Amino acid sequence: MRRELFTEEHEMFRAQVRRFVENEIVPKIPEWNRVGMSDRESWRKMGAAGFLGPNAPAEYGGGGADFLYDAIVIEEMSRVRAHGLMMGLHSDICLPYLTAFGSEEQKRRYVPGAISGELILAIAMTEPGTGSDLAAVQTTARREGDNYVINGSKIFISNGQIADLVIVVVKTDPKAQPAHRGVSLILVERDSPGFVRGRKLDKLGFPGQDTSELFFEDCRVPATNLLGREGQGFKMLMEKLQQERLVSAVGSLASARRCLDDTIAYTKQRRAFGQPIAMFQNTQFKLAEMETEIEVGQAFVDRCLGAHVRGEEIVSEVSMAKWWVTELLKRVSSQCLQLHGGYGFMREYPVSSDYADAAVQSIYAGTNEIMKVIIARRMGLDERR
Ligand SMILES: Cc1cc2nc3c(=O)[nH]c(=O)nc-3n(C[C@H](O)[C@H](O)[C@H](O)COP(=O)(O)OP(=O)(O)OC[C@H]3O[C@@H](n4cnc5c(N)ncnc54)[C@H](O)[C@@H]3O)c2cc1C
């Protein structure tokens with residue numbers, strides 16, 4: 001079905017992104033997957049083409065456009081499996097913290113570089129001891145004169161090696177009750193003293209992503225690197241998680257579509273018992289079911305996108321979209337692998353990486369269990385009477 005969300009301008013932009021991605025990004029993907037991270041030149045090219053932060057404010061170099069433009073870039077990158085260059089994380093998850101909560105000085109210092117691709121962003125929430133329970137972070141930031149001194153460690157941080165600026169979730173008041181009132185966000189630059197990058201972690205999927213450990217050992221940053229106000233970190237995180245979850249749903253759905261399209265093509269050319277395997281009723285039913293679910297998912301995600309662009313508060317709906325679409329991606333990649341037979345298990349067939357990559361989608365950007373906790377809470381189910 002035609003997606004009614006997009007104007008002619010959006011479609012022209014999509015064509016431009018697709019051309020760029022095919023020419024500039026696709027040739028780089030095998031190398032990213034081999035070395036375990038993306039390359040800076042590709043980030044700069046993305047920036048120069050206007051594909052990092054089309055939605056960011058024009059006064060700092062952004063496109064000043066609506067979020068649908070960002071969604072188009074996410075979809076086109078997912079379509080070609082360019083998972084190593086995490087532009088969605090950079091442009092649509094990290095950058096909004098700077099544009100929404102940064103001081104004028106912080107915005108002038110960081111936003112233009114983030115949009116041009118010179119300054120790559122990461123966000124460090126998760127720690128070895130806590131992920132879902134964000135208010136329980138142990139990393140501390142102690143005020144000392146004009147500085148903050150940060151101590152602690154983070155794990156599973158995307159863009160962990162390549163990032164030039166990390167938004168670090170810390171406790172400025174470890175004794176605060178409730179605990180989330182002690183959470184703050186602090187910007188840590190690449191060369192800050194005491195900021196140490198740990199291992200690039202060996203993962204099941206997404207080989208091109210530099211998911212890493214980060215350590216802060218008496219890491220000293222100017223007090224002006226505080227984002228927003230002390231104790232407001234949790235509130236800022238909650239406010240921005242709506243878009244983070246939408247980014248995850250949009251990308252996962254585009255990945256599911258690509259996986260299915262490749263599988264349809266495969267089943268039409270692979271023969272067994274004298275006919276293409278697409279002729280077996282089981283194959284047809286499986287493909288028809290997946291086609292249906294992707295269409296249904298797309299209708300809901302597009303509805304969320306429309307509401308998000310209008311500025312509506314749709315925390316429940318994006319949580320629904322995130323869990324449902326990422327589970328759909330896991331089902332689709334698993335069934336598509338099965339339809340490839342033994343070839344599906346071979347790394348040279350992209351369906352094998354789709355299957356491995358899909359596993360994390362229900363874990364990061366908030367686990368799917370946490371999505372259901374949020375939905376249930378908003379249904380009023382945990383109110384004691
Ligand atoms: C490839 C990758 C990239 C990542 N990138 C980043 C990043 O850039 N920045 C960052 O900060 N983090 C990142 N993460 C971390 C990710 O966000 C966390 O792994 C995730 O939030 C889950 O936290 P956890 O691993 O500590 O699991 P836990 O919180 O220990 O959860 C374990 C299990 O318990 C369940 N659970 C926990 N609480 C509840 C509850 N209340 N009700 C029901 N079930 C519950 C969870 O759903 C899960 O199934 C990344 C992770 C991966 C794997």
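Figure 1. With a relative accessibility of 12%, D164 counts as buried, because a residue is classed as buried under 20% relative accessible area. The structure shown here and in the following views is a predicted model. D164 is placed in the loop that joins β3 and β4. A separation of 25 Å lies between the C-alpha atoms of D164 and I72, two residues that are 92 positions apart along the chain.

**Figure 2. The shell of residues around the ligand.** The ligand is surrounded by 19 residues, and the closest of them are M125, T126, S132, T367 and E369. Sorted by class, the shell consists of 10 nonpolar, 7 polar and 2 charged residues. Three elements of secondary structure each supply at least two residues of the shell, namely β1 (121-124), β3 (147-157) and α11 (368-378). Of the contributions to the shell, that of α11 is the largest share, with 3 residues.

**Figure 3. Contacts between ligand atoms and N or O atoms of the protein.** The side chain of T126 places an N or O atom 2.7 Å from a nitrogen atom of the ligand. In the side chain of E369, an N or O atom is found 2.6 Å from an oxygen atom of the ligand. G131 takes part through its backbone, where an N or O atom lies 3.2 Å from an oxygen atom of the ligand. On its own the ligand has 980 Å² of accessible area, of which the protein covers 65%.

**Figure 4. The edge-to-face pair of F13 and Y69.** A pair of aromatic rings is described by the distance of the centres and the angle of the planes. Across the whole structure, 9 aromatic pairs are found. In one of these, F13 and Y69, the ring centres are 5.0 Å apart and the planes stand at 70 degrees, so the pair is edge-to-face. The two residues belong to distant parts of the chain, 56 residues apart: F13 is in helix α1 (residues 8-25) and Y69 is in helix α4 (residues 67-79). F13 and Y69 are both buried. Together with F20 and F51, these two residues form one aromatic cluster.

**Figure 5. The stacked pair of F206 and Y364.** The ring centres of F206 and Y364 are 6.5 Å apart and the ring planes are at 20 degrees, so this pair is stacked. The pair connects distant parts of the chain, 158 residues apart, with F206 in the loop between β6 (195-200) and β7 (212-222) and Y364 in the loop between α10 (350-358) and α11. F206 has a relative accessibility of 5% and therefore counts as buried. Y364, at 27% relative accessibility, counts as partly exposed.

**Figure 6. Arginine side chains over aromatic rings.** R14 is positioned over the face of F6, at a distance of 5.1 Å from the ring centre.

Figure 7. Most residues other than glycine have a negative phi, and most peptide bonds are trans. The peptide bond that leads from Q177 to P178 is cis, and its omega is near -10 degrees. P178 is located in the loop between β4 (165-171) and β5 (183-189). R81, a residue other than glycine, has a positive phi near 65 degrees. The loop between α4 and α5 (87-101) contains R81, and the relative accessible area of this residue is 14%, so R81 is buried. A365 likewise has a positive phi, near 60 degrees, in a residue other than glycine. A365 is found in the loop between α10 and α11 and, with a relative accessibility of 14%, counts as buried.

**Figure 8. M320 and N368.** M320 is part of helix α9 (residues 315-339). Its relative accessible area is 32%, so M320 is partly exposed. The C-alpha atoms of M320 and N368 are 8.9 Å apart in space, while the two residues are 48 residues apart in sequence.

Key: Residues numbered from 1 in each chain as written. Predicted model: local features only at pLDDT ≥ 70, side-chain atom pairs only at ≥ 80, totals over all residues. Heavy atoms only, no water. Near = heavy atom within 4 Å. Polar contact = N/O pair within 3.5 Å; in protein donor to acceptor, adjacent residues only side chain to side chain. Areas by Shrake-Rupley, 256 points an atom, 1.4 Å probe, with all protein chains shown as cover. Helix = DSSP H or I, 4+ residues; strand = E, 2+ residues; numbered from the N terminus. Nonpolar A, V, L, I, M, F, W, Y, C, P; charged D, E, K, R; others polar. Phe/Tyr/Trp six-rings, centres within 6.5 Å; stacked < 30°, edge-to-face > 60°. Buried < 20%, exposed > 50% of the residue type's maximum accessible area, 1.4 Å probe, protein only. Lys NZ or Arg CZ within 6 Å of the ring centre and 35° of its normal.
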